[in-house]
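Please open the structure in a viewer and keep the selection tool at hand.

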Amino acid sequence: MDSTNHFRVVIIGAGPAGIGAAIALSKHGIKSIALIERSDKIGGVPSLYKKKKGGVRTFIRWSRGGIPVFGEEYANSLKRKLVKTDVKVWLQTQVIEIETKERKLSIINPIEGKISLTADAVIMACGSREKTMSERGWLTGARPIRVFFTKQLLQLIDGNDLLPMRNPVIIGSDLIGYAAAAKLKVAGAADAIIMDKCRRPKCSYVERLYFRRWSQPNFRGVDVKAVEVVGSKTASGIRLSKDGDFIPCDGIVVCGELVPNSELALLGQLKVELPSRKPVVGRNYQMSESGWFSAGNMLGGFRGAEWCYYNGRRVARAVVNYLSQPL
Amino acid sequence: MNTPGKLLYYWPHEGLDDSLKFNDISQLGENPYDIAIIGAGIVGCSLAYKLSMYKLKILLLDKNYDVGEATSKGSSAIIHTGFDAPVDSLESTLVTKASREWPELAKKLKIPFEECGALLIAINDEQKKQLKNVYDKAVKNGVTDIQLLGAKQVRELEPQITDDVLGGILIPRESIIDPFSASIAYSEIALSNGVDILFGTEIIEIENANENIKKLITGSGIKINAKIIVNVAGLGSEQLAKLYNGEPFDTNPRRGQFLIFDKNSRLNINHILLPVPTKETKGILVIPTIFGNLMAGPTAEDFLHGDNSITDTTIEKLQSLLDEASKLYPGLKKQPVISTFAGVRCNCSQGSYWIRCHDGHPGIMTVAGIRSTGITSSPILSEYLVEELSNKCGLNLEINTNATDSRPKSSWPGWWKRPFANGELFKKCPDYGMIVCYCEQISRGEIIDHLDSQLKPVTLDAIKRRTRAQMGRCQGFDCQINLAEIISEHSGIPLNKITKRGPGSELIPDTKTMKNKGMDGLNKSF
């Protein structure tokens, strides 16, 4: 069952950063590159924002003079560049074991089962996810259904043409929260209440102004230790305090506040800062073991798709340098 | 071979295959049940399992839409040795005996189980003095395989714990278990031995309670005949007992909140860490889970019966949990919390293990106050209940030689046996190579296996407890919708009708009943 394949570079994650790295490595003349993606399509988070008539364009292409596009369009433009290379792409493929020193990975997918790979260098471009309710530290109470993350909201609205709520409360006031409010409004919901534990929205004024074209959400900064989710079966509101300040809703979206997907780094016992989960990287994006690199939103912070793409290219240059050094 | 029992749901909405819907008593046959068990928590499920070894017509019913959906799902998942139980109580007798039975039972039932041991840790002089008392009490409870340790020995066993440690006790047989699999395993075997299981069914009235054949009337007006009734309804038992004029008792639910830490944390701690108990409380524990996480908890908060917020979490208690648990293992504050939950202990003011035969009327048994030790005691408590039913309620026990007392090997949960590591399994079905839950590495194949299993799960939570999908660090960020899509595709139920825990908890609100905007807005935008 176990056959061993060797690659010059294995990239984990086919979002903008991983694709950026793959394209740049290929342009630098590196042969035998493998790109591993666990979902069924490449493009990462942008690919979830489908192109729809009258829909909200949420991705700004700064390199093209700041034109807003749909995430899907951006993902497709990356795909077009990628298919011109001879990068080996594995979809629906999960990395399940890592031997760091040997730079050996075990992967599985529904077509080949479990396979082992080795590489001269590995780039982790695993992206990030939104913090769970508990990780945010100020959301307590009940655990009903219809408390969604933005990713789930996109899967429902864009992926399945379903509207998961009519009167949304959005937790998290960064760009993702305002984009979600616009998305919901266009899909048929009322203007959202955007709630965060800060006095002013984290989303910039210019960005908020952009989304006003579609929706006028109400921002509610809360100055309490915690709020409680209410609802025995489905989410029915948020209680601000014991005295009964209560905001009714029929669904909650938990938005933004990204944390790096560093579990593969932990699996390989590469150094990761806790509790922030940021992988420890030195100069040239090298992680705590030689030959292991990290790129894109996995590095931590909150970056747009295009930044990740260009960051992937920068990391690729660092990898090319690393590969050209005598061992 | 036995004919398996029937599994039916009362489900008056869309969102369930018609063949699983309970509409009419004829679906269960006309003959009265020898025994009806009301409440499919750990006690009800283990009783159904034990009784299914005999030639009896048995019904197990619950108002929820899966087994163990109330008290049993929210526990510390510890199999106690009973070292600190009240001496000479029924609880202590059952728990200490059961704890010795569990290692073998877990193998038979295919429930993941690990004898990780516990360390009771004294961190001040007062507590150090108490150690001897704890030790003596354990010996009185028959738990003699324990060891008093000095500070150095404790530190050798757990290098990461607090520097304040002054001494401790090692209790080697304190173990951890998959608490969800326990109820599921018992009831799956019961079902395959012929026990009928009815979900979504609340009993609102009992007629002819004084007669040989009693009539249980469900919320939907269906009458079920049974000769013996056992009330193991947990939080619902007080209300139920009123229907048959049982001896009054007070349910006194006690909430326990927990923090769950990400898996990396368990690399540092191997034992259950216990503080020295005080008269009031057992204190806050640090508990390794069989799934590979650490937990801290539980709190002990008394609630009025019927309070809706009983499984809510609160910030004050969660923060104090972290503070208390950090006194034992200071590194905990650096570990990311992935989730929090609150469970309920079903305490009874009249006493723990409050068991009544011929309660109100002949042939009715009430079991209350199985507070926090139900999973541990279940194998022996159920035996005890069977004896009581036979001796006092006249239940006729004739062994059914066809009955099985174990689950097949294929029942080991996927997260425990890792089916994708098995090349053979993959050749049979490529779905074992398709990972749906990235955090816990759960494949589509495992999810479909469960959807096709005999005790068919129909809700997202029921699937979650069987497969662990959605229980990892991202809490469903990546897999919740994919999981709902798989259920929808496999069962033919539209995606919007998939529920979290039964009717009323649908993924998507019913568009017809929404006043706001209606479908027009939706159509325009797509």
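Two residues are in contact if their C-beta atoms, placed from the backbone, lie within 7 Å. The model shown here is predicted.

**Chain B as a whole**

Select chain B first. Among its contacts between residues at least 6 apart in sequence, 72% join residues at least 24 apart. Coloured by secondary structure, chain B displays 14 helices and 23 strands. Its C-alpha trace spans about 65 × 65 × 50 Å along the principal axes. For 526 residues, a compact globule would have a radius of gyration near 24 Å, and chain B agrees with this, at 24 Å. Of these 526 residues, 56% count as buried.

**Helix α2 of chain B**

Next, select residues 90-109 of chain B, which form helix α2. Where does this helix bend? The bend, of about 50°, lies at B:Trp102, and a proline, B:Pro103, follows within four residues. B:Trp102 is also one of the buried residues of α2(B), which include B:Leu94, B:Val95, B:Ala98, B:Leu105 and B:Leu109. Now display what covers the buried residues of α2(B): among the elements to show are β4 (78-79), β5 (113-114), β9 (175-177), α5 (179-192) and α8 (374-392) of chain B.

**Where α2 meets α8**

Keep α2(B) and α8(B) in view and hide the rest. Their axes come within 7 Å and cross at roughly 110°. Angles of 65 to 115 degrees count as roughly perpendicular, and this term therefore describes α2(B) and α8(B). To see the contact itself, select B:Leu94, B:Val95, B:Lys97, B:Ala98, B:Ser99, B:Glu101 and B:Leu105 in α2(B), which meet B:Thr376, B:Ser377, B:Ser378, B:Pro379, B:Ile380, B:Leu381 and B:Tyr384 in α8(B). By class, this contact has 8 nonpolar, 4 polar and 2 charged residues.

Notes. Residues numbered from 1 in each chain as written. Chains lettered and ligands numbered in written order. Predicted model: local features only at pLDDT ≥ 70, side-chain atom pairs only at ≥ 80, totals over all residues. Helix = DSSP H or I, 4+ residues; strand = E, 2+ residues; numbered from the N terminus. Rg over C-alpha atoms; globule rule 2.2 N^0.38 Å. Buried ≥ 20, exposed ≤ 12 C-beta atoms within 10 Å, placed from the backbone. Bend = angle between axes of the 7 residues up to and from the residue. Axes fitted to C-alpha atoms, helices over the stretch in contact; angles between N-to-C directions. Parallel < 35°, antiparallel > 145°, perpendicular 65-115°, else oblique. Nonpolar A, V, L, I, M, F, W, Y, C, P; charged D, E, K, R; others polar.
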